[in-house]
Amino acid sequence: MYMETTCSFIDGNTLYECINNKIDVDRILAHIEKMNQWHRYTGTPDGEAFVDDLIRRLDEYDIPYEIETYQAYASIPVKSSLTLSNGDDVRTIADVYSADTTDDLYGQIIYDHWSENNNNTPEETAIRYAAFKNKIVLSHSSGGEFANEVARYGGLALLHINKSKGGYIHHSNISPVWGTPCINQMHMLCVLPSVGISLEDGDKLINMLDQQDVYATLNVKMNTRIVTTRMPIVNIQGNSDKFVLLHGHYDSWYEGITDNAASDAILLELARAFYANRDSLKRSIRIAWWSGHSDARYAGSTWYCDTHWDELNKKCVASINLDLTGCKCANQIRARTACMEGESFTANLIKEFTGVDAKAYIPMIRGADQSFWGVHIPIHIMFKYEPTDETRVSPCPSGGPWWHTDQDTLDKLDVNILLRDLRINAKAVCLITNSGALPVNLIEFIDKVEKCLISIQKETPDGFGMQDVLASIGNVKSACTILVECIKDNPSTDYDAFLKSVAGELVRLVYSAGSMYQQDLSSPYQPFGIIASSVKTAKNMHGTVLALCAKTEFIRACNRIKGQCDAIQKMIKCYMTMA
């Protein structure tokens, strides 16, 4: 239970103590247990029942809120079946955005043994894809890009093998498009039937294929349609209109207790605690519950970014996402951030709340509602909660094989871990919200950028020069060094807007590939992903048309960085002249 505390401090550590004293674990658990009754799919009665219940609780706590209503192009599997020619049935789960309806598709299964190797030569890749024609492809590869390749080369369907032992099939998504597609992206939504099968059934099929030809009949039925859905948004006004965005998704697979009911309950409790201490907030806090995460490829957070683009671009200083909190066995926390806040920021928090020295941070991934890289938000944090290597039993996020299955139930929740995850995120919000100058570490960030580019440069083939890019980064570093000294000398000046512009643009350059008004695809990502992938393609596909295309892509990506670095440098120079 909690005790009442009145606070008037603006120090981040003191604010955290006020927030922590407001936390009521019984309220959190009661909310999670209520959510356990609903399969909260986007735009369904159960999903909207969650919104109704959340509204009721916000009203009970006298917390003001807004309800955003939008349309999403959602996709949920209804049923699927795979029957082998010998009469055996293989359990399957269709992927989100799989071909809408597939009746009695009959064909030969082939095993894509090339999927065991991520470094196939151009010749091997050509052989691999040529084998797909008119076949049902059994593969360790999955996802939208691969499903599209199977379709492009004439494959009939994709059976992708899950990685968790124990018969688990995890719900997956084969749309490479982030959010609701634009017109020119609709062709990317694959028309291929794609289903997941368990690791054990995959092994059985591979063994059968070693002995004989295997034919099968596949049936898939999807519910892919436009739905109307709501998202509650709480805005807690501080002394400044600059705000920290604290967010997570509420749609789920089945009960979805660790993904993401626990986080939803944490967000509600933090909304209550921060609202009670609203007079102590230097910056504002906005708390959002997204729909359309799993069954519409992050449609909710993407729609919100598109619809509130100008406000986010001018006012949002940090994005903190809660996903997969409170998981049983998740006995360590990894810092997964854009690292603009500096590595020590999260390292100190991890040490405080786990008692263990932090491991190296993980660069931010393209997943879990990371829909805000184009709007000049400098700080992006999504802690990763997982088992240690010695205790891990599954490669799934959070380390629990129940992820995206009907086994994600109340017994997978650990109350102590839940409170740990709440507190580390609450303190991160407090430290950012009530810091003096916005806690960005420009020089450390640029140092990491330089190291990343140098590591890519070491792999570049002949003709892929990066010296101009590194020189541009160096020029920005020099300008930022002067800016940092100016901030130190004038601690009472409000630098939020300018730091947001400079740091936010640097993060955008590193973590996104295109226009700030568009969303990159949902492919696996890394810092300077386009440059790194074009270098890899040029090396692996040497002498091919793809290698030439990769070089074109590389040059354009480098030009983008150089051009924007020059703009940042000029912006700082102009600001310093006026200061």
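Analyst: Helices (H or I, at least four residues) and strands (E, at least two) are DSSP runs, numbered from the N terminus. Asn-173 lies in the loop between strand E6 (157-161) and strand E7 (194-197). Residue numbers start from 1 along each chain as its sequence is written. This is a predicted model, where local features need pLDDT of at least 70, side-chain atom pairs count only at pLDDT 80 or more, and totals for chains, interfaces and linings use all residues, while side-chain values use heavy atoms, without hydrogens and water.

User: Why does Asn-173 count as buried?

Analyst: Buried means under 20% relative accessible area, exposed over 50%, partly exposed in between (1.4 Å probe, protein chains only). Asn-173 has 11% relative accessibility, so it counts as buried.

User: And what makes Val-507 buried?

Analyst: Val-507, found in helix H14 (residues 496-511), has a relative accessibility of 1%, so it counts as buried too. Leaving aside neighbours within four places in sequence, Val-507 is in contact (heavy atoms within 4.5 Å) with residues including Ile-377 and Phe-445.

User: Why are H13 and H16 called roughly parallel?

Analyst: Axes are lines fitted to C-alpha atoms, for helices over the stretch in contact, and angles run from 0 to 180 degrees between N-to-C directions. Under 35 degrees counts as roughly parallel, over 145 as roughly antiparallel, 65 to 115 as roughly perpendicular and the rest as oblique. The axes of H13 (residues 467-489) and H16 (residues 545-578) cross at roughly 25 degrees, coming within 9 Å, and the two helices are therefore roughly parallel.
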